[in-house]
Structures are given as C-alpha cells and as structure tokens.
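Hi everyone, thanks for coming. Please have the viewer open and ready, and we'll walk through this one together.

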Amino acid sequence: MKILYYDWNENSSDDMIETLTYLGHYVKSVHIDIIDYNEDDSFCYELEKELKKEGFGLIFSFDFFPVISRVAMKHEIPYISWIYDMPHITLYSPEVKNEVNHIFIFDYDLYLKLMEKGYSSHLYYMPLGVNVNRLKDMLGKPPALLGETFEVSFVGSLYEGCLYNKINYMPEYLKGYFDGVINAQSQIYGANIFDRSITPDILNELEKWVKLEIPRNYDVTSKELFIDMINQKCTSMERIGLLTAVAAKYPLTLFTGSNPGLIPNAGNGGTVTYDRDMPGVFRTSKININITLRSITSGIPLRALDIMGAGGFLLSNWQPELAENFTDGRDLVLFESTEDMLKKIDYYLKHDSERNMIACNGYERVEKYFSYEVQVKKILSEVFS
C-alpha cells in the first residue's frame with residue numbers, strides 16, 4: 001500500500017515510518033507547516049498536491065488533525081490517526097465525525113467518553129507501542145547491561161509553567177478550594193475527582209475569573225477544559241512532591257528541560273533526545289520513575305513503554321491499564337503513595353537480581369504485545385479487514 005505519512009516533528013515519526021516500511025508498505029513522509037488545525041487553505045493546498053503526485057491509499061499521522069481529515073474526506077482516502085498526546089482538544093472538532101477517519105485512542109476512559117459523544121463508527125481503542133527493534137539494535141537485548149550509571153532517574157517535565165500557575169488574579173477563596181482539591185487528587189490513583197469537584201456554582205465562579213477560548217463548533221465544555229488545566233497543575237505538584245521525597249533519601253538524577261532547582265538535592269542530567277539518548281538512560285539506571293500525566297486517567301503512558309522497551313526497570317504510579325496488562329512485581333513495580341514508592345526504591349536498590357529480572361520480564365512483555373510491529377498490524381487490520 002502507498003501511505004502518505006504526515007510528519008509534524010513528533011518524536012515517533014522515524015519509528016513509525018520504519019515500521020510501516022518493514023511491513024511492506026511504500027511510505028512517503030511530508031512535513032507541511034500548519035497555521036490553523038481547523039482551517040488552513042495553504043496547508044490543504046500543499047497536502048492535496050502531494051496526494052495528486054502518487055496514488056496513495058492511506059494518510060497516517062500521530063494525533064488527529066482536522067485539516068488532514070477535511071482533505072482526506074474530499075479525496076475519499078482513509079485517514080488513520082493514532083492519538084498519543086493528552087489532553088487532545090481536536091478530538092472535539094466537527095471533523096472527528098468524518099467517515100474517512102479511523103482514530104485510535106490509547107486511553108480507555110477517553111475512548112468511552114468519545115463513544116458516548118457518538119463517534120463509535122470510526123473510533124478504536126489501541127494502546128501505544130514502541131519500536132523494540134530499534135531499541136534492541138541500539139542497546140542489545142536484556143539482560144545485556146551497558147553498566148549501571150544512575151541509581152534513580154526521572155525523565156520528563158515538571159510543568160512548572162502550567163496555565164494554573166500563571167493565574168494570579170483568582171480570588172483567594174477560589175484558589176484555596178482548588179488547591180485543596182488538587183492536593184486531595186494527588187493522593188488518589190485510579191480515579192479522577194475533578195469532574196465532581198467542579199460543581200455548577202464553582203464553575204460559574206471560575207468562568208468569571210478565567211476565560212478559556214473554545215474553538216467554534218467544538219463539542220467540548222468549559223468544564224472539560226478547566227479539568228485539563230487542573231490536571232496539569234496536579235501533575236506538576238505531584239511530580240515535584242514525589243521527586244523531592246526521593247532526592248531527600250536517594251541519589252536522583254533528573255533529565256528535564258524544567259528548572260532542576262525545584263527538586264533540592266537532585267542531580268541535573270539536562271535534556272535528552274528521545275531516540276538517541278533516552279533509551280541509554282533507561283537501560284543504565286537502576287530505577288526509572290514514571291509519574292503519569294493526570295490527564296491520562298486510565299491508559300498506559302508512552303514513557304512506561306519507553307522504559308520497559310529499552311530494558312529498563314520501571315517504577316510507576318498505579319495506573320489501571322498498566323495493572324491490567326502487566327504484573328506488578330514481575331514485569332514492573334507500581335506504587336500507591338509516597339511512602340510506598342520510597343519503600344520500594346529502598347528494596348529494589350538493594351536487590352539487584354530481582355530488579356534485573358523484572359526489567360527483563362517487562363522488556364519481553366512489551367516486545368510481545370506492545371511493539372510497533374504488533375500494534376501497527378492490528379491498526380491496519382482494523383481499517384482494511
């Protein structure tokens with residue numbers, strides 16, 4: 001099949017192109033700047049020019065772009081989008097209902113939410129994947145070690161620049177309410193309390209002080225957007241709190257573009273590239289911590305698969321779909337509180353053989369069930385069977 005792949009400089013583009021090509025497809029990658037995801041005549045013109053050059057049977061992208069869907073609809077070409085960013089506001093655009101779409105969602109809670117909105121004819125649940133073949137070529141198959149360099153590592157953002165932190169004009173009573181709710185949420189895994197915490201009265205007050213722009217004709221409420229805003233703040237507070245607790249007791253290295261000074265006593269590893277540097281960090285760290293974005297309420301975060309796919313030992317917050325697809329204590333280790341996390345760090349730093357066995361088991365399960373080759377075959381089968 002001839003596939004036109006839209007590359008928007010996402011981390012996973014090379015892995016996806018490599019996988020599609022390995023599976024026997026001709027793939028042409030195009031990068032065209034988008035000014036407006038919803039209406040962009042210049043983008044549509046350039047994309048249509050590419051489509052006319054060759055007889056493509058499919059357009060593929062990570063994440064959903066309404067303007068691509070409009071072009072696909074005009075030319076009656078299937079459009080596959082695999083969502084890996086959350087929150088993802090374009091999933092509420094009118095173009096989501098276009099019949100050429102095949103949208104794959106990695107978070108089951110979000111999948112059910114969108115199904116309730118009437119998108120069932122072209123919506124699919126599909127966990128994310130990683131290019132295990134590339135990682136194996138880079139690092140060798142576990143238990144081959146590169147030499148453990150780091151005791152405990154965290155790769156990711158601290159989100160200190162989140163929108164919530166920039167709102168300095170909210171009344172103290174309202175800010176106090178949300179600070180309390182966010183603090184309560186940070187202690188709970190597997191359930192999100194923000195929906196029921198934003199009552200009609202609270203929402204009315206919030207809308208007086210915080211103005212959020214909802215794109216025209218989008219099927220999304222201000223409450224849903226406020227929840228996204230608060231989820232990011234909760235993620236920031238949780239990551240800073242948990243990592244501060246780790247660094248107070250154990251050697252922790254941060255690999256982040258955020259301000260490392262937010263975590264006293266932590267080492268600063270700087271930023272790392274997704275494809276070249278990050279896998280080596282995961283393999284050479286005794287313990288890799290994952291703290292899932294709160295907007296991902298049930299799904300397996302890509303970072304968890306990245307860690308296990310590189311043969312790293314994963315210590316993650318409890319997450320419903322991680323617990324469903326992997327065995328705690330065999331493939332990975334899950335924690336449910338700060339105290340639980342610290343206890344497990346202490347244990348696994350002292351038990352090398354158990355830690356290495358878990359890392360190997362996690363790698364093997366990802367290779368068998370969550371490799372790009374496996375997941376992409378499922379995606380194409382869903383669309384073309």
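Okay, let's start with a term: a salt bridge here is a side-chain nitrogen of Lys or Arg within 4 Å of a carboxyl oxygen of Asp or Glu. A quick word on where this comes from: it's a predicted model, where local features need pLDDT of at least 70, side-chain atom pairs count only at pLDDT 80 or more, and totals for chains, interfaces and linings use all residues. Residues are numbered from 1 along each chain as its sequence is written, and side-chain values use heavy atoms, with hydrogens and water left out.

So, how many salt bridges does that rule give? The count is 23.

Go to R134 and D15, whose side chains meet in one of these, 2.6 Å from N to O. When I say helix or strand, I mean DSSP runs numbered from the N terminus: H or I with at least four residues for helices, E with at least two for strands.

Are R134 and D15 buried or exposed? Both are buried. Buried means under 20% relative accessible area, exposed means over 50%, and partly exposed is in between, with a 1.4 Å probe and protein chains only.

Next, K28 and E50 form a salt bridge at 2.9 Å, N to O. That one links K28 in strand 2 (residues 26-30) to E50 in helix 2 (residues 41-53), 22 residues apart. K28 has a relative accessible area of 21%, so K28 is partly exposed, while E50, at 15%, counts as buried.

Now find E151 and K286, another salt bridge, with the closest N and O atoms 2.9 Å apart. E151 lies in strand 7 and K286 in strand 10, so this pair ties together parts 135 residues apart in sequence. E151 is partly exposed at 27%, and K286 is buried at 16%. There's also a salt-bridge network, made of K113, K117, D219 and E224.

On to the strands. Strand 7 pairs with strand 8 in the parallel sense, over 4 bridges; two strands pair if DSSP finds at least two bridges between them. On its other pairing, strand 8 runs parallel to strand 9 (residues 267-268), joined by 2 bridges. Click on L254 in strand 8: L254 is the bridge partner of F154, and L254 also partners N268 in strand 9. Which sides of strand 8 are covered? Both faces: L252 and L254 on one side, T253 and F255 on the other, and all of them are buried.

Let's look at helix 14, residues 338-350. Its 13 residues reach 19 Å from first C-alpha to last, close to the 18 Å expected, where the expected span is 1.5 Å times one less than the number of residues. Its buried residues are D340, M341, L342, K344, I345, Y348 and L349. They pack against several elements, including strand 7, strand 10 and helix 10; contact means heavy atoms within 4.5 Å.

Why might buried positions in a helix be spaced like that? An α-helix has 3.6 residues a turn, so residues three or four places apart point the same way.

Last stop, helix 3 (residues 66-75). Among its buried residues are V67, I68 and V71, and the buried set packs against elements including strand 1 and helix 2.
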